[in-house]
Amino acid sequence: VMENIEKVTQHLREWRPGRVTLHYHHTRDGKNFVWDGDHIWRVFNFIPSAAFTESRDETLVRNAGYAFGEFQAVLSGFDPTVLHETIPDFHNTEKRYEALEAAVEKDPCGRAGEVEKELQWLMQVRAEACRLCRMQQEGLLPLRVTHNDTKINNVLFHPKDNSAMIVIDLDTVMPGLSLYDFGDSIRFGAATAAEDEKDLNKVWCDMELFRAYTKGYLEGCDGSLTDLEVEMMPTGAKLITLECGVRFLTDYLDGDNYFRTHYPEQNLDRCRTQFKLVRDMEEQFQAMHDVVAKY
């Protein structure tokens, strides 16, 4: 993790001289962390800023999109293969489906019977769900440096005008697809309801927020994406949402061992909101493509 952060932040400093950059301070022997035998400690530069856990403000959402787009653009010349894959197969949807099948077969909590409808639908859309994986394997989509947690709370904003200053929380930086980073921002930032909303009538993709984020993101990318990557941006949003739903459902069947839960059915509620969001994106798919084409 720390080797990845060191390489990425060094590249960012070299390509953005004079700009605020995340920097972990080093020990006398040159390490960017300290282990005292019980805990690992890290110290990075303090950056006076504003931060938000979520926002419906279109200007703020656009600025967040710009920050992650610029992050992608500055690192477009960086070789992602020199980074460690700290979470193997993190966005390998095929592996996520295999894990789901294993959870259904074992069914340790006896929950599989109550999600037959979800399982049937997931198997029907499996080929589409794994589309980006196949395209990467076929060399159609380039491997890039990806952040893998592109929520608005991982952007620091200028305290006076809320312009984007810097992307933080680089612990999950590793090789991946730009479409997953873009898509996860939309999954979280353009959804109209909480991730565990029980009333699915409240769940859809807010096209105004999608438009704001997409505009900022593409401005920040500054032409660094391939034409196919740009064309596939709505697909990235839909498929990362579907994959996340698979992960929530797998964890529910396994007994809620991965995602923190506050009540027994929370992972089930989470997976259902994701699947509703996917279906809504499908209904608005042409509108999403029109927004991407415009910007």
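Predicted model: local features only at pLDDT ≥ 70, side-chain atom pairs only at ≥ 80, totals over all residues.
**Entry 1, aromatic rings.** I looked up Phe182 and Phe210, whose rings form an edge-to-face pair with 6.1 Å from centre to centre and 75 degrees between the planes. This pair links distant parts of the chain, since Phe182 belongs to helix α7 (residues 178-189) and Phe210 to helix α8, 28 residues apart. I checked accessibility for both, and Phe182 and Phe210 are each buried. The pair of Tyr258 and Phe259 has its ring centres 4.8 Å apart, and because its planes stand at 85 degrees, over the 60 that the class requires, I record this pair too as edge-to-face. Which of these two residues is buried and which exposed? Tyr258 is exposed, because its relative accessible area is 57%, whereas Phe259 counts as buried because its relative accessibility is 18%, under the cut-off of 20%. I also followed the ring pairs onward from Phe182 and Phe210, and found that they link these two with Tyr213 and Tyr217 into a cluster.

**Entry 2, helix α8 against α12.** For packed helices I write down the angle between the axes and the distance between them. Helix α8 (residues 207-221) packs against helix α12 (residues 285-294) at an angle of about 30 degrees, and their axes are 9 Å apart. Angles under 35 degrees count as roughly parallel, and α8 and α12 are therefore roughly parallel to each other. I noted the crossing of these two helices as right-handed. On the α8 side the contact is made by Met207, Phe210, Arg211, Thr214 and Leu218, and on the α12 side by Ala287, Met288, Val291 and Val292. I sorted the residues of this contact into seven nonpolar, one polar and one charged.

I then looked at helix α2 (residues 58-74), which packs with α8 at an angle of about 35 degrees, the axes being 6 Å apart. The crossing in which α2 passes α8 is right-handed. Among the α2 residues in this contact are Val61, Ala64, Gly65, Phe68 and Gly69, and they belong to a set that meets α8 residues including Leu209, Ala212, Tyr213, Gly216 and Tyr217. The residues of the α2 and α8 contact divide into ten nonpolar, five polar and six charged. I marked Tyr213 and Tyr217 of this contact as members of the ring cluster in Entry 1.

The axes of helix α3 (residues 93-106) and helix α4 (residues 116-124) come within 12 Å and cross at roughly 145 degrees. Here I recorded a left-handed crossing as α3 passes α4. Tyr97, Leu100, Glu101 and Val104 of α3 meet Leu119, Leu122 and Met123 of α4, and the residues of this contact comprise six nonpolar, no polar and one charged.

Leu156 sits in strand β4 (residues 155-157), and I list Leu156 as buried because its relative accessible area is 11%, under the 20% cut-off. Leaving aside residues up to four places away in sequence, Leu156 touches Ile47, Ser49, Ala50, Ala51, Ser163, Ala164, Met165, Ile166 and Ile168. I also looked up its separation from Asn257, and Leu156 and Asn257 are 101 residues apart in sequence and 31 Å apart in space, C-alpha to C-alpha. Gln266 lies in helix α11 (residues 266-283) and counts as buried because its relative accessibility is 4%. With the same exclusion of residues up to four places away in sequence, Gln266 touches Asp196, Arg260 and Thr261.

Asn162, which is not a glycine, has a phi near 65 degrees; Asn162 is found in the loop between β4 and β5 (164-167) and is partly exposed, with a relative accessible area of 27%. Asp222, also a residue that is not a glycine, has a positive phi of about 55 degrees. I placed Asp222 in the loop between α8 and α9 (227-231), and noted Asp222 as exposed because its relative accessible area is 64%.

Notes
Residues numbered from 1 in each chain as written. Heavy atoms only, no water. Axes fitted to C-alpha atoms, helices over the stretch in contact; angles between N-to-C directions. Helix = DSSP H or I, 4+ residues; strand = E, 2+ residues; numbered from the N terminus. Parallel < 35°, antiparallel > 145°, perpendicular 65-115°, else oblique. Left-handed = near helix turned anticlockwise from the far one by under 90°. Contact = heavy atoms within 4.5 Å. Nonpolar A, V, L, I, M, F, W, Y, C, P; charged D, E, K, R; others polar. Buried < 20%, exposed > 50% of the residue type's maximum accessible area, 1.4 Å probe, protein only. Phe/Tyr/Trp six-rings, centres within 6.5 Å; stacked < 30°, edge-to-face > 60°.
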